[in-house]
Amino acid sequence: MNGIVLSSRYGTYEVLTASKTVLTCKPRGLFRHKQIKLVVGDRVTVDEKEEVIIEVEERKNYLIRPSIANVDELAIVMSVKEPDFSSLLIDKFIAYANFFKIKANVIISKVDKSFNAQILKDKIDALEKVGVHVIEYSQVTKVGLDEIEKLFSNKIVALMGQTGVGKSSLLNSLVPSSKREIGEFSKSLGRGKHQTKEVVLIPYENGFIADTPGFSSLELPLYKEDLAQCFVGFEQYYDKCKFSNCLHIHEKDCEVKKAVEEGKIANDTYQNYLKISEELILRKDRF
């Protein structure tokens, strides 16, 4: 019978089958021989009697961090404070999603707290200008929850973001029966305390929501050339630049820089691009 991997732990996998039964399965020995590592989100075939996974379907995508397959969309969660709002991290997360050709949405959490409204407005305007869907959400007032419910229906959506931004709290609001552990923000450490230790798929409205471990930073598995193509808002201009390998920094006749000058791409977004590009190497540098 066909099924989907909901979670994994110590070499065993929770699989939701087409008959809505959850089985605890082990993969057949052939998987280890062929060095096939199953991950949450994998579509599999199971032998129900033996409770063994006998086949895995080809993945439409696979994210390294969080480790999950077959995602339809990402929901990048960023809080206005505790941890502090970071325009840079949002753009980095979106570039990561774009690199894997997964649509990214942004949820701004904790909007019931006091924060610099102008900085947030500028970032939301910048994202919406290039077609990114942004939702402002509060766990306290429930503002934005209806919109999030619609966003998450009928698809597999993975929550992604720093520790402490409220991913598990949001999931508990959407699926109270999930009872995800909620972490606290440590003011002394300046970051959230880890609660979610593994990726877990939670069934929701004809689809699934993936709760994932939080992190304070993200190293992109990209080269500078990759970033130049997949950075937020750059996609429609990249192939119009004079040079096919344009990095949008020092080159002449660069359509991305022209779009920034014309206000089609926010300057803050472009400055984030320059900072992130500095963290990466050129593909030729690898050799």
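Visitor: How many bridges join β3 to β5, and in which sense do the strands run?

Guide: Strand β5 (residues 52–56) is joined to β3 by 2 bridges, and the two run parallel. Two strands pair if DSSP finds at least two bridges between them, so β3 and β5 count as a pair. In β5, I53 stands opposite P27. This is a predicted model, in which local features need pLDDT of at least 70, side-chain atom pairs count only at pLDDT 80 or more, and totals for chains, interfaces and linings use all residues. Residues are numbered from 1 along each chain as its sequence is written, and side-chain values use heavy atoms, with hydrogens and water left out.

Visitor: Which strands close into the barrel, and in what order?

Guide: The barrel has 5 strands in the order β1-β2-β3-β5-β4, with mixed pairing. Its twist averages 55° from one strand to the next. Strands here are DSSP runs of E with at least two residues, and helices are runs of H or I with at least four, numbered from the N terminus.

Visitor: What joins β2 to β1 and to β3?

Guide: β1 (residues 2–9) and β2 (residues 12–17) pair in the antiparallel sense over 6 bridges, with T12 as the bridge partner of R9. Their hairpin has 2 residues between the strands, and Y10 in the turn has a positive phi of about 50°. β2 and β3 (residues 22–27) run antiparallel and are joined by 4 bridges; E14 stands opposite T24. That hairpin has 4 residues between the strands, where K20 takes a positive phi near 70°.

Visitor: Why do β10 and β14 stand at the edges of the open sheet?

Guide: The sheet has 6 strands in the order β10-β9-β8-β11-β15-β14, with mixed pairing. β10 (134–136) and β14 (200–204) each have a single partner strand, so one side of each is left without a neighbour in the sheet. The twist averages 25° from one strand to the next. Within this sheet, β8 (residues 73–79) and β9 (residues 103–109) pair in the parallel sense over 7 bridges, and I76 stands opposite V106.

Visitor: How does the span of α2 compare with the expected value?

Guide: Helix α2 (residues 87–99) has 13 residues and reaches 19 Å from its first C-alpha to its last, close to the expected 18 Å. The expected span is 1.5 Å times one less than the number of residues. α2 lies across β8, β9 and β11, at about 170° to β8. Of its 13 residues, 11 are buried, among them L89, F93 and Y96. Just after α2, K101 takes a positive phi of about 60°.

Visitor: Why is S153 called buried?

Guide: Its relative accessibility is 18%. Buried means under 20% relative accessible area (exposed is over 50%, partly exposed in between, with a 1.4 Å probe and protein chains only), so S153 counts as buried. S153 is found in the loop between α4 (145–152) and β11 (156–161). A polar atom of its side chain lies 2.8 Å from the backbone oxygen of E149. Leaving out residues up to four places away in sequence, S153 touches Y204 and E205 (contact means heavy atoms within 4.5 Å).

Visitor: What makes α4 and α5 roughly perpendicular?

Guide: α4 packs against α5 (residues 167–174) at an angle of about 85°, with the axes 11 Å apart. Angles of 65 to 115 degrees count as roughly perpendicular (under 35 is roughly parallel, over 145 roughly antiparallel, the rest oblique), so the term applies to α4 and α5. L145, I148, E149 and F152 in α4 meet L170, S173 and L174 in α5.

Key. A polar contact is a pair of N or O atoms within 3.5 Å; within protein, one must be able to donate a hydrogen and the other to accept it, and residues adjacent in sequence count only if both atoms are side-chain atoms. Axes are lines fitted to C-alpha atoms, for helices over the stretch in contact, and angles run from 0 to 180 degrees between N-to-C directions.
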